[in-house]
Amino acid sequence: MRNPNVGKIIMGGDPAGYDLKNAIRDHLREQGYDVTDVDPDAPILFQDVACRVAKGVQSGEFDRGIAICGTGMGVSIICNKHRGVYAALCESVYQARRAKQVNNTNVLCMGGFIIGAEMGRVMADAWLEQEHMEGLDPTMAAIVEKEFDELVEFEKTVY
């Protein structure tokens with residue numbers, strides 16, 4: 001089910017994540033999402049995938065991004081080096097949902113060696129459909145909101 005609160009999505013995959021990226025991209029487009037693929041014709045290096053996805057989200061041109069490499073670790077590390085980009089490496093539907101609900105991530109990272117096409121589609125759906133703090137009890141929501149605000153303030157001192 002397409003989330004109307006999610007506008008444009010940017011995504012990419014290195015050689016190890018290319019097939020998974022294509023499966024998720026096609027699935028999201030079928031659901032009506034506006035998806036920009038940073039490597040539509042051939043896979044690119046994980047460093048380039050991560051930088052293009054992160055910069056697209058960082059600039060505000062895209063609401064969310066999906067970056068895929070062999071394990072997901074490389075793209076997640078690089079994406080998280082960009083101010084305002086909060087990338088989560090996820091290997092389950094639960095992690096993907098919680099990454100948005102609690103951590104307010106704007107980039108989902110996955111590993112093509114680890115995640116199959118169907119699992120990747122379900123994880124992307126769970127992450128895109130979830131809203132930040134939706135479904136949390138009021139006490140937890142207050143804690144999460146305070147922590148996220150503190151993170152944003154901390155970023156200002158680091159970058």
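Q: What do the buried residues of helix 1 pack against?

A: They pack against strand 1 (8-13), strand 2 (34-37), strand 3 (64-69), strand 5 (107-111) and helix 5. Keep in mind that this is a predicted model. The buried residues of helix 1 are Tyr 18, Leu 20, Lys 21, Asn 22, Ala 23, Ile 24, Arg 25, His 27 and Leu 28.

Q: What makes His 27 buried or exposed?

A: His 27 sits in helix 1. Its relative accessible area is 18%, and buried means under 20%, so His 27 counts as buried. Leaving aside neighbours within four places in sequence, His 27 is in contact with Arg 121 and Asp 125.

Q: How do you know whether the length of helix 1 agrees with its number of residues?

A: Take the 13 residues of helix 1 at 1.5 Å a residue, and the helix should span 18 Å. The expected span uses one less than the number of residues. The end C-alpha atoms of helix 1 are 18 Å apart, so the two values agree.

Q: What comes just after helix 1?

A: Just after helix 1 there's Gly 32, with a positive phi of about 100°.

Q: Which residues make the contact of helix 1 with helix 5?

A: From helix 1 come Leu 20, Ala 23, Ile 24, His 27 and Leu 28. Helix 5 brings Ala 117, Gly 120, Arg 121, Ala 124, Asp 125 and Leu 128. Sorted by type, the residues of this contact are seven nonpolar, two polar and two charged.

Q: What about helix 5: which residues are buried there?

A: They are Gly 120, Met 123, Ala 124, Asp 125, Ala 126, Trp 127 and Leu 128. These buried residues of helix 5 pack against strand 1, helix 1, strand 3, helix 4 (93-101) and strand 5. Helix 5 has 13 residues and reaches 18 Å from its first C-alpha to its last, close to the 18 Å expected at 1.5 Å a residue.

Q: Why are helix 4 and helix 5 described as roughly parallel to each other?

A: Look at the angle: helix 4 and helix 5 pack at about 25°, with their axes 8 Å apart. Angles under 35 degrees count as roughly parallel, so helix 4 and helix 5 get that label. Their crossing is right-handed.

Q: Which residues make the contact of helix 4 with helix 5?

A: On the helix 4 side you'll find Val 93, Ala 96, Arg 97, Ala 99 and Lys 100. On the helix 5 side there are Met 119, Val 122, Met 123, Ala 126 and Trp 127. This contact divides into eight nonpolar, no polar and two charged residues.

Q: How do you know whether Gln 130 is buried or exposed?

A: Gln 130 is in the loop between helix 5 and helix 6 (138-158). Its relative accessibility is 7%. With the cut-off for buried at under 20%, Gln 130 therefore counts as buried. Setting aside neighbours within four places in sequence, Gln 130 touches Asn 3, Arg 64, Arg 97, Lys 100 and Gln 101.

Q: What makes Met 133 partly exposed?

A: Met 133 is found in the loop between helix 5 and helix 6. Its relative accessible area is 21%, and partly exposed lies between the 20% cut-off for buried and the 50% cut-off for exposed. Met 133 is therefore partly exposed. Its phi is near 70°, a positive value in a residue other than glycine.

Q: Is Asn 104 buried or exposed?

A: Asn 104 is buried: its relative accessible area is 17%, and the limit is under 20%. The residue lies in the loop between helix 4 and strand 5. Asn 104 is not a glycine, yet its phi is positive, about 55°.

Q: Why is Asn 80 called partly exposed?

A: Asn 80 has a relative accessible area of 33%. Buried would need under 20% and exposed over 50%, so Asn 80 is partly exposed. You'll find Asn 80 in the loop between helix 3 (73-79) and strand 4 (87-89). Not counting residues up to four places away in sequence, Asn 80 touches Val 85, Tyr 86, Ala 87 and Tyr 159.

Definitions and conventions. Residues are numbered from 1 along each chain as its sequence is written. This is a predicted model: local features need pLDDT of at least 70, side-chain atom pairs count only at pLDDT 80 or more; totals for chains, interfaces and linings use all residues. Side-chain values use heavy atoms; hydrogens and water are left out. Contact means heavy atoms within 4.5 Å. Helices (H or I, at least four residues) and strands (E, at least two) are DSSP runs, numbered from the N terminus. Ala, Val, Leu, Ile, Met, Phe, Trp, Tyr, Cys and Pro count as nonpolar, Asp, Glu, Lys and Arg as charged, and the others, Gly among them, as polar. Buried means under 20% relative accessible area, exposed over 50%, partly exposed in between (1.4 Å probe, protein chains only). Axes are lines fitted to C-alpha atoms, for helices over the stretch in contact, and angles run from 0 to 180 degrees between N-to-C directions. Angles under 35 degrees count as roughly parallel, over 145 as roughly antiparallel, 65 to 115 as roughly perpendicular and the rest as oblique. A crossing is left-handed if the near helix is turned anticlockwise from the far one by less than a right angle, and right-handed if clockwise.
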